[in-house]
Amino acid sequence: MSTPPLAASGMAPGPFAGPQAQQAAREVNTASLCRIGQETVQDIVYRTMEIFQLLRNMQLPNGVTYHTGTYQDRLTKLQDNLRQLSVLFRKLRLVYDKCNENCGGMDPIPVEQLIPYVEEDGSKNDDRAGPPRFASEERREIAEKLKQKNQQLKQIMDQLRNLIWDINAMLAMRN
């Protein structure tokens, strides 16, 4: 199943309502789909909490005289929440399938290859020899730049201290 066009959301078509704009409106990017999926999961959790709350407060009709109006009201709320929950799960399935369709050509990259690291004992893994060396070289360059900046800041602070000392000395001599 495909996602509905964005123009059908009640907004008037803009000046770019040509066939390309309509095609772009039908294609929703993966980030938007993930946000929709996240909101759907939050709605599912909320509905599930409501269902459990209703079940906890609901007494079973075991022959004890109970307010049938209240029981029927809670029962209809429970059934309504269950229907909405099934609709939300179907919506989540559609979003999941669309995301998988959009990301079908992408090869998953393990996290270990995305983050360069060096093990604590200093040894490097054979299959990851490139990235840790790059990370250590980058770290060394950053450390050198940081030392240079710290040295410049120290010189500026010394100059300011001398300037303040001179100003105070002049003020003391004037009085």
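In which helix do Glu39 and Arg35 both lie, and how many residues apart are they? Both residues lie in helix H2, four residues apart, about one turn of the helix. Before the tour continues, please note that this is a predicted model, in which local features need pLDDT of at least 70 and side-chain atom pairs count only at pLDDT 80 or more, while totals for chains, interfaces and linings use all residues. Residues are numbered from 1 along each chain as its sequence is written, and side-chain values use heavy atoms, with hydrogens and water left out.

**Stop 1**

Select Glu39 and Arg35. These two residues form a salt bridge, with the closest N and O atoms 3.1 Å apart. The term denotes a side-chain nitrogen of Lys or Arg within 4 Å of a carboxyl oxygen of Asp or Glu. Helices are DSSP runs (H or I, at least four residues), numbered from the N terminus. Glu39 counts as partly exposed at 37% relative accessibility, and Arg35 counts as partly exposed at 44%. Here, buried means under 20% relative accessible area, exposed means over 50%, and partly exposed lies in between (1.4 Å probe, protein chains only).

Next, select Glu50 and Arg47, which also lie in helix H2, three residues apart. Their salt bridge has its closest N and O atoms 3.4 Å apart. Glu50 is partly exposed at 22% relative accessibility, and Arg47 is partly exposed at 23%.

**Stop 1**

Select Ala31, which lies in helix H2. Ala31 counts as exposed because its relative accessibility is 54%.

**Stop 2: the nonpolar core**

Select Ile44, Ile51, Leu54, Met58, Tyr71, Leu78, Leu85 and Leu88, the eight residues of the largest nonpolar core. Such a core is a set of buried Ala, Val, Leu, Ile, Met, Phe, Trp, Tyr and Cys residues joined through side-chain atoms within 4.5 Å. Helix H2 (30-57) and helix H3 (68-102) are the elements that give two or more residues to this core. The largest share, four residues, comes from H3.

**Stop 4**

Lys98 is buried, with a relative accessible area of 15%, whereas Glu101 is exposed, with 55%.

**Stop 5**

Select Leu153, Ile156, Leu160, Leu163, Ile167 and Leu171, which form a nonpolar patch on the surface with about 530 Å² of accessible area together. Accessible areas come from the Shrake-Rupley method with a 1.4 Å probe; for residues, only the protein chains shown count as cover. Patches are made of residues with over 30% relative accessible area and no salt bridge, with like charges joined within 9 Å and nonpolar side chains (Val, Leu, Ile, Met, Phe, Trp, Tyr) within 5 Å. Leu171 is found in helix H5 and is partly exposed, with a relative accessible area of 39%.

Finally, select Glu137, Glu138, Glu141 and Glu144, which form a negative surface patch. Lys and Arg count as positive and Asp and Glu as negative, while His and the chain ends are not counted. The place of a charge is taken as NZ of Lys, CZ of Arg, CG of Asp or CD of Glu. Glu141 is found in helix H5 (residues 130-174) and is partly exposed, with a relative accessible area of 48%.
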